Amino acid sequence: MDRDSTERNGLTRRNCIRYGALAGTGLLAGCTSDSSGDSSTETTTAAETESETDTASTTTAEPDTSYSVSMAPVGEVTFDSVPESWIAYDGGYADMGVALGLGDKMTGIGGAGRYYTYVYDELPGVSVDRSVIEENQLSDSDMSKEIFYELDNDVHLMDPEMLINWFGWKQKDVDEITKGVAPFFGNLIFRREDEWHDYRYYTLYEAFEKVAQLFQEEERYEAFESLHDEFIADIQAKLPSADERPNVLLVYAGSDEPEKFSPYRLNDKGTSKKQWRDLGVSDALSGTGIEGLSTTDRGKIDYEAMLEVDPDVILLRAHERKSAEEFRDTVLEFMKSHPVASELTAVKNERVYRGGYLFQGPIQNLFLTERGAQQLYPDVFGEVTSDETLFDRQRVADIVNGDF
C-alpha cells in the first residue's frame, strides 16, 4: 500500500467504511467526488443547468447501505459495505469466517501453527488455502504495523487490547492502523484469566453472532446455531449422571516427554474449554488454590503436584498435530515409564488424551466436542479411534457452502 498516496488523496475506501456513520455530514460523499479543484466547473450556461436538472429528475439516488456492528472493546463500527478481505489473529475467529462461507477472503492469520484446518477435510467442498495463511502470518513480522499496511485488509478480526498487552502496541498504533488501513473487531475470548481484560467477554456463539453481523451473514449463523444446539442437546441427554462423570486436569506441555505443565482452570469459561463444560466434567484443581495460565501467571506444576489431586483424566494441550495413536505411542508411553507419573490413576488407566485447541471456532468446536465425548465416555459415544461420528458432516458443509 502506498502510504504517501493515501495521504495525498485523502480518505481511502476503508476510511469511508469506518466513518460510515458520518455519511450525513457529507464525509462519505467526499470519497467519491472529484477533488481536482477545477474552478471552471463553477460556471455553467443556462442550457447546461437545464440539462443537469433534467438528468437529476430521472436519476434515482443510491440507497444507503451502511450498517453498524458493536462489540467490546472497540464499540460501534460502521461500514458502508460488507468487508471483502479480512484477517484474524487466532484460529477461533478464522474458523468463524470459514463457517460463514468466507474462507476464500481470508488473507492471513496471526500464527498458522495454531490454526488447525485439517477438520475441513471431512467437510465436502470446504477448504482453506494454507499456503496463503502460512505466507502471511502476522507473527513472522512480530506483529509490526507494516504488515497490516502490506496486507491491506478491510477488517481485522482481533482484539486491539491484545495487541497492546501482548505485543507492546500503544493506543496510537491501534488508532493509526484503524485510520490508515481498517478497523479492528474482536474480543479475546479463549480464556478469562487476564487482569487487563476488564471489559465484557463473549461466549463462542455470542462472538460468532457478532462476526456474522459484521459480514451480514446472520442466516448462516442461525443455521449453525440450530445445528450446534441440537448436537449439544443430544450429547447431554446421553451423558452419565453427574456422580459417574470423571474429574479432569487440563494442562499444557509441548514435549513428548513432559515433566512440567502449565495448568488451566475449567471454571474460567473461556471458549477453549467449551467442550469440557458442555460434557459435564469437573475441574480436578477445584479447591486447590492453583490458578490457571494467564498473562501474569506462568506458574507450572509437576507430577508430584498432579499426584496430590490424582485426576481421573489428564488432558494435555500442544499435541494437536498427532493422531490419537501417535499421542499414546509417545506422550502416554513416556508417562507410563516415569517413576512418578506412572503412579497417577489416569496414567494407570491410560486415560491421558489430547486436550484440544487453544483457539476454536464453531466448526472446530463440533469436532472437538465429538472427540471429547468419545475420550471421556467411550461406552456411550464410541472409542475416539473409531469411525463413529456424532454429527452430520454434510449438513455442516451445506451451511458453509450456502445450501441451507
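Q: Where is Pro73 found?

A: The model is a predicted one. In it, Pro73 belongs to the loop between strand S1 (67-71) and strand S2 (75-79).

Q: What kind of peptide bond joins Ala72 and Pro73, and what is its omega?

A: The bond is a cis peptide bond, with an omega of about 5°.

Q: Why does Asp142 count as exposed?

A: The cut-off for exposed is over 50% relative accessible area. Asp142 has 64% relative accessibility, so Asp142 counts as exposed. The residue sits in the loop between helix H6 (130-135) and helix H7 (145-151). Its phi is positive, about 55°, although Asp142 is not a glycine.

Q: What makes Asp310 partly exposed?

A: Partly exposed is the class between buried, under 20%, and exposed, over 50%. The relative accessible area of Asp310 is 26%, and therefore Asp310 is partly exposed. Asp310 lies in the loop between helix H13 (303-309) and strand S9 (313-317). It also has a positive phi, about 40°, although it is not a glycine.

Q: How do you know that Lys170 counts as exposed?

A: Exposed requires over 50% relative accessible area. Lys170 has 53%, so it counts as exposed. Lys170 is in the loop between helix H8 (160-167) and helix H9 (171-180). Lys170 and Pro160 are 10 residues apart in sequence, and their C-alpha atoms are 9.6 Å apart in space.

Q: What makes strand S4 (106-109) and strand S5 (155-157) edge strands?

A: Three strands form an open sheet with parallel pairing, in the order S4-S3-S5. S4 and S5 each pair on one side only, and they are the edge strands. From one strand to the next, the twist averages 20°.

Q: How do you know that strand S3 (residues 86-88) pairs with S4?

A: Two strands pair if there are at least two bridges between them. S3 and S4 are joined by two bridges, so they meet that cut-off. The two strands run parallel. Trp86 has Met106 in S4 as its bridge partner.

Q: Which strands pair with strand S6 (residues 247-252), and in which sense, parallel or antiparallel?

A: S6 pairs with strand S8 (residues 282-283) in the parallel sense over two bridges. Val248 has Asp283 as its bridge partner in S8. S6 also pairs with S9 in the parallel sense, here over five bridges, and Val248 stands opposite Val313 in S9. With strand S7 (residues 262-264), S6 pairs in the antiparallel sense over three bridges. There Val251 stands opposite Pro263 in S7.

Q: How many cavities of 30 Å³ or more does the count give?

A: The count comes to three.

Q: What makes a residue part of the lining of the largest cavity, and which residues line it?

A: A lining residue has an atom within 4 Å of a point of the cavity. Among the residues that line the largest cavity are Asp90, Tyr93, Asn187, Phe190, Thr271 and Phe359. Helix H5 (residues 91-99) supplies the largest share of this lining, three residues. By class, the lining has seven nonpolar residues, four polar and one charged.

Q: Which elements each supply at least two residues of the lining of the second largest cavity?

A: They are helix H14 (324-337) and strand S10 (352-354). The lining includes Ala324, Phe327, Val352 and Arg354. Five of its residues are nonpolar, one is polar and two are charged.

Q: Why is a space called a pocket rather than a cavity?

A: In a cavity the probe fits but cannot get out, whereas a pocket is an open set of points. About 380 Å³ of space lies in the largest pocket.

Q: How many residues line the largest pocket, and which lie nearest its centre?

A: The lining has 17 residues, and Glu122, Phe367, Glu370, Arg371 and Arg393 lie nearest the centre. Helix H16 (residues 362-376) gives the most to this lining, with five residues.

Technical notes:
Residues numbered from 1 in each chain as written. Predicted model: local features only at pLDDT ≥ 70, side-chain atom pairs only at ≥ 80, totals over all residues. Heavy atoms only, no water. 1 Å grid on protein atoms, 1.4 Å probe; cavity = no way out; pocket = protein on both sides within 12 Å on 5 of 7 lines; lining within 4 Å. Points joined across faces, edges and corners; volume = space filled by probe spheres on them. Helix = DSSP H or I, 4+ residues; strand = E, 2+ residues; numbered from the N terminus. Nonpolar A, V, L, I, M, F, W, Y, C, P; charged D, E, K, R; others polar. Buried < 20%, exposed > 50% of the residue type's maximum accessible area, 1.4 Å probe, protein only. Axes fitted to C-alpha atoms, helices over the stretch in contact; angles between N-to-C directions.
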